[in-house]
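These are my notebook entries on a few things I looked up, one topic at a time.

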Amino acid sequence: HKVKTLSPIFNETFICELRKLKKSELEEGVVKFSIYDKGRLLDEYLGSYELDLPSVYFSLHHQLNGIWLSLTDLTDKREGCLGYLKVSLELLGPEDESVILPEKPKTDSDKAENNLFMSSKVKQTGHVIALDILRAECLAPLDLTSLDIDAFVTAKYSGIVQKTKVVTSQNPVWNQRIQIATMLPNNSKFVLIEVWDRDLTSGNDLVGCFRIPFKSFQNQEIGPF
């Protein structure tokens, strides 16, 4: 139970012991997650996701870790995606042992858009984000041997990355349009714009970045800025 927030953090563990579960019951079983808004008299139903048990059991180590579930109204009173819930699950049989996975640094593959289970009740449609990358001014050189930088821009959204050509200048002019194809709805909230200094020997250096809220330009054009 969390009070007055749109992004609650629970960090709780539930253990369910399924005694004498038959194989046929496992193959047809589901685990249902539901979210409610706590009320004084009645709790308001917000959305649910049903995950079949075989998809958990036949995953690596019988686990699904850090996945995002798209919530929908199973009563069909409301349509579309109603939010997202992040969970981890483990389903063990009589002779199975729990495997504790070591912590690892977060990578692009760990991001929400790459671990999203979208409900079949949600219809995703294809969209294209078009970004006109114009120019930059007074970029700080990161290489001590040169006053210029080999500048390029990357744009990231929902796990997709596109980039511009490289222009060698502290005041580069690209005048280039880059496009990101994506499926909506999803749970990616920002387009991440990054300016990089290309370095072929020791790896590219990040000059700076900026996040654009997706809702600020969804179905409309904004800028230049």
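Before the first entry I set down my terms: a residue is buried under 20% relative accessible area, exposed over 50%, and partly exposed in between, using a 1.4 Å probe and protein chains only. The model is a predicted one, in which local features need pLDDT of at least 70 and side-chain atom pairs count only at pLDDT 80 or more, while totals for chains, interfaces and linings use all residues. Residues are numbered from 1 along each chain as its sequence is written, and side-chain values use heavy atoms, with hydrogens and water left out.

**Entry on Y84.** I found Y84 in strand β4, residues 84–90, where a strand is a DSSP run of E with at least two residues, numbered from the N terminus. Y84 counts as partly exposed because its relative accessibility is 25%. I then listed its contacts (heavy atoms within 4.5 Å), and leaving out residues up to four places away in sequence, Y84 touches W68, L69, S70, L71, L116, M118, P185, N186 and N187.

**Entry on cysteines.** I searched the whole structure for disulfides and found zero, taking a disulfide as a pair of cysteine sulfur atoms within 2.5 Å. For C138, the nearest cysteine sulfur is that of C209, 19 Å away. C138 counts as exposed because its relative accessibility is 66%, whereas C81, at 21%, is partly exposed.

**Entry on β7 and β8.** I noted that strands β7 (residues 150–157) and β8 (residues 160–163) run antiparallel and are joined by four bridges; two strands pair if DSSP finds at least two bridges between them. A155 has Q162 in β8 as its bridge partner. Two residues lie between the strands of this hairpin, in which S158 takes a positive phi near 55°.
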